[in-house]
Amino acid sequence: MDNTSQILMRSAEQFDGRRVLLVNPCADRLLAEMPADWHVWCWDYAPYKALQNLVPAERLSFSHLCPQWSALDAAILVMPKAIERAEYALAQIAPLLDAGTPLYLVGEKNGGVKRAEKLLQPYASAVRKLDSARHCQLWQADMDGLAAPFALLDWEQRLTIDLADQTLELISLPGVFSHGRLDEGSALLLEEPAMLPSGKVLDFGCGSGVLSIALARRNPACQFELVDVDALAIYCAEQSLQLNQVSASVSPSDGLSDVHGRYAAVISNPPFHTGIRQDTGIAERFFNQVTRNLLPGGELRLVANGFLRYPPQIEAHVGPCKVLRETSRFKVYSALAPG
Ligand SMILES: C[S@@+](CC[C@H](N)C(=O)[O-])C[C@H]1O[C@@H](n2cnc3c(N)ncnc32)[C@H](O)[C@@H]1O
């Protein structure tokens with residue numbers, strides 16, 4: 001079980017028999033082992049899928065918005081990686097809780113939970129640390145019941161990106177990759193002028209959709225399909241596509257779990273860390289599996305930090321890997337699946 005779940009188990013009596021909102025859960029057995037009337041809001045598709053066997057559909061949500069559940073006895077927020085994602089979640093949770101209802105914040109000590117007091121103070125009359133174990137802390141705040149209703153528009157950021165050949169508008173939300181700017185790696189991938197093969201193109205880990213929007217305009221013979229694990233990224237990509245009048249589909253997937261078709265090209269700026277620790281596992285699994293989603297001769301085009309040793313893995317699974325562009329920090333790779 002995740003460390004955050006283990007520390008929560010030590011306070012299990014606080015939740016027993018109560019109607020509890022759990023936000024940003026881990027994909028583990030906490031809910032099976034800790035009895036409560038669980039209502040679960042996920043923005044990460046992986047735990048959402050894992051919890052489908054444990055929580056009835058009407059009490060399990062995958063969305064950028066917290067469902068409007070009422071009469072809650074408590075809420076628990078598992079600290080997300082980005083502090084601003086915690087602020088975004090708290091702004092939605094607090095208005096659902098009556099005065100005196102406890103809200104718990106749990107997370108790893110080196111993952112920002114030490115800022116619990118500051119995060120919770122705007123909503124609570126009293127904030128205190130309840131427990132500390134397994135490199136984690138558990139904080140409790142008793143809500144003052146005065147939180148303003150949540151307004152999504154207050155949290156959306158709209159930005160204009162100027163590329164050499166076009167200008168595009170992006171919608172972003174807290175914790176969505178490269179919130180409020182264009183990532184240097186993504187920018188480098190978009191500097192590559194080579195056309196994509198015509199047909200269906202998969203954008204793996206689409207974020208707010210910047211790669212697909214720019215490339216769809218340059219490649220009118222391509223139909224783009226975007227996937228991401230993050231519900232906020234999915235919402236932002238949908239909004240950004242609409243704003244730029246680009247038609248494409250966006251759907252959730254954990255890695256390639258929910259990608260079933262075969263594509264003329266797959267484009268990506270793949271994730272290389274999740275949570276607090278650096279992790280290239282997602283990208284490695286992606287290289288391992290992506291060939292089954294490429295048509296014969298289909299192109300994998302991606303950008304990554306130059307220090308990541310991706311080419312041997314790409315060559316092992318897809319085919320010979322060319323460097324299309326590089327800077328001191330990033331490289332754009334292209335590999336063709338066997339034809
Ligand atoms: C480096 S960002 C790139 C975002 C966007 N393509 C861009 O260029 O700005 C990687 C994206 O992968 C997503 N991601 C992380 N883990 C994933 C997984 N297991 N399956 C699918 N997408 C994932 C993240 O949410 C993030 O949006």
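The largest cavity is lined by Thr 4, Ser 5, Leu 8, Leu 22, Pro 25, Cys 26, Leu 30 and Val 78. Here a cavity is a set of points, on a 1 Å grid over the protein atoms alone, where a 1.4 Å probe fits but cannot get out, and lining residues have an atom within 4 Å of a point. This is a predicted model, in which local features need pLDDT of at least 70 and side-chain atom pairs count only at pLDDT 80 or more, while totals for chains, interfaces and linings use all residues. Residues are numbered from 1 along each chain as its sequence is written, and side-chain values use heavy atoms, with hydrogens and water left out.

One cavity of 30 Å³ or more is counted, and the volume of the largest is about 30 Å³; a volume is the space filled by probe spheres set on the points, which are joined across faces, edges and corners. Helix H1 (residues 3-9) gives the largest share of the lining, three residues. Helices (H or I, at least four residues) and strands (E, at least two) are DSSP runs, numbered from the N terminus. By type, the lining has six nonpolar residues, two polar and no charged. In this division Ala, Val, Leu, Ile, Met, Phe, Trp, Tyr, Cys and Pro are nonpolar, Asp, Glu, Lys and Arg charged, and the others, Gly among them, polar.

Nine of the 11 residues of helix H4 (residues 83-93) are buried, where buried means under 20% relative accessible area, exposed over 50% and partly exposed in between (1.4 Å probe, protein chains only). Among the buried residues of H4 are Arg 85, Tyr 88 and Gln 92. The buried residues of H4 pack against elements including strand E1 (19-23), strand E5 (102-108) and helix H5 (116-120), with contact meaning heavy atoms within 4.5 Å.

In helix H9 (residues 281-290), the buried residues include Phe 286, Phe 287 and Val 290. Their cover includes strand E10 (199-204), strand E13 (263-268), strand E14 (294-305) and helix H10 (311-317). Val 266 lies in strand E13 and is buried, at a relative accessible area of 0%. Beyond four places in sequence, the contacts of Val 266 include Phe 286 and Val 290, as well as Leu 202, Phe 204 and Leu 294.

## Salt bridges

There are 13 salt bridges, each a side-chain nitrogen of Lys or Arg within 4 Å of a carboxyl oxygen of Asp or Glu. In one of them Asp 37 pairs with Arg 59, with closest N and O atoms 3.4 Å apart. This pair links distant parts of the chain, 22 residues apart: Asp 37 is in strand E2, and Arg 59 in the loop between helix H3 (45-51) and strand E3 (60-62). Asp 165 forms a salt bridge with Arg 218 at 2.8 Å between the closest N and O atoms. Here Asp 165, in the loop between E8 and strand E9 (167-172), is 53 residues apart from Arg 218 in helix H7 (residues 210-218).

## A buried glutamate

Glu 156 lies in the loop between strand E7 (136-143) and strand E8 (157-162). Glu 156 is buried yet has no salt bridge, and the nearest side chain of opposite charge, Arg 158, is 7.7 Å away. For charge, Lys and Arg count as positive and Asp and Glu as negative, with His and the chain ends not counted. Outside four places in sequence, Glu 156 contacts Ile 171, Ser 172, Leu 173 and Tyr 235.

Note on methods: On a 1 Å grid over the protein atoms alone, a cavity is a set of points where a 1.4 Å probe fits but cannot get out, and a pocket is an open set with protein on both sides within 12 Å along at least five of seven lines; lining residues have an atom within 4 Å of a point.
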